[in-house]
Amino acid sequence: KLPESVARIANFRAVDINTDIKASDAFLNLFTDKSYNVERFYSPGYAALLFKMLTETKYDFILLEGIYLMRYIDVIRQAQQHSELNRKTPVVQRPQNVEYVIWERLAAAEKNVLKRLYLRFLAKRIKHFELQMMNKADLFIPVSQTDLDIFQRSGCGIPAVAIPTGYVFDELPE
């Protein structure tokens, strides 16, 4: 339930996505070139809804909160080409972390050799995805300067600025 002040200006849609880790899916993913971490969050239903929304309604900007939503960048770009409404609407990527660094740390701390190897494999794949995707948005806004520095050293070449999470209002907007 949204506060009335938000409900007046926001139009939310939800699509259920089962992101549970499934051993069979994780195993089959070994034979692809995709990141299992990312693929768990992909939904054809969400992709279809996103395309529909972007071809029917004008937006000021398109915010992809976290790297997992970058999986939909091709859908967004297709919608932008298909409809004049959002052809020039900027796409903003806002990663909350440098995901591959987290997975590399998990792998380094793992005592079980097989699990450590698998975590390194996952880290390598998510790093490839993350670095491949970071320049596909129009603006890059990570939540810390440390993260921005890592991304820029790794090749982030689009306009970028670090903006911390959260904002304190002196008073709430009406």
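Helix H4 gives the largest share of the lining of the largest pocket, five residues. The model is a predicted one. Start, then, with this pocket. Its space comes to about 710 Å³. The lining counts 20 residues, and those closest to the centre are Met 53, Tyr 59, Phe 61, Ile 62 and Leu 63. Two elements give two or more residues to this lining: helix H4, residues 44-56, and strand E1, residues 62-65. By class, the lining of the largest pocket holds 14 nonpolar, two polar and four charged residues.

Now turn to the second largest pocket. Its volume is about 360 Å³. Here 18 residues form the lining, and Asp 33, Lys 34, Phe 129, Gln 132 and Met 133 are the closest to the centre. Three helices each supply at least two lining residues: H3 (36-39), H5 (73-82) and H7. H7 provides the largest share, seven residues. The lining of the second largest pocket divides into six nonpolar, four polar and eight charged residues.

Helix H6 spans residues 99-109, and helix H7 spans residues 113-133. Their axes come within 8 Å and cross at roughly 170°. An angle over 145 degrees counts as roughly antiparallel, so H6 is roughly antiparallel to H7. On the H6 side, the contact is made by Glu 99, Tyr 100, Trp 103, Glu 104, Leu 106 and Ala 107. H7 answers with Arg 116, Leu 119, Arg 120, Leu 122, Ala 123, Ile 126, Lys 127, Glu 130 and Leu 131. Sorted by class, the contact of H6 with H7 has nine nonpolar and six charged residues, and no polar ones.

End with a single side chain. Gln 93 sits in strand E2, which covers residues 91-94. Is Gln 93 buried or exposed? The relative accessible area of Gln 93 is 2%. The cut-off for buried is under 20%, so Gln 93 is buried. Which residues does Gln 93 touch, not counting those up to four places away in sequence? Leu 64, Ile 67 and Met 70 are among them. Met 133 is one of the residues closest to the centre of the second largest pocket.

Notes. Residues numbered from 1 in each chain as written. Predicted model: local features only at pLDDT ≥ 70, side-chain atom pairs only at ≥ 80, totals over all residues. Heavy atoms only, no water. Axes fitted to C-alpha atoms, helices over the stretch in contact; angles between N-to-C directions. Helix = DSSP H or I, 4+ residues; strand = E, 2+ residues; numbered from the N terminus. Parallel < 35°, antiparallel > 145°, perpendicular 65-115°, else oblique. Contact = heavy atoms within 4.5 Å. Nonpolar A, V, L, I, M, F, W, Y, C, P; charged D, E, K, R; others polar. 1 Å grid on protein atoms, 1.4 Å probe; cavity = no way out; pocket = protein on both sides within 12 Å on 5 of 7 lines; lining within 4 Å. Points joined across faces, edges and corners; volume = space filled by probe spheres on them. Buried < 20%, exposed > 50% of the residue type's maximum accessible area, 1.4 Å probe, protein only.
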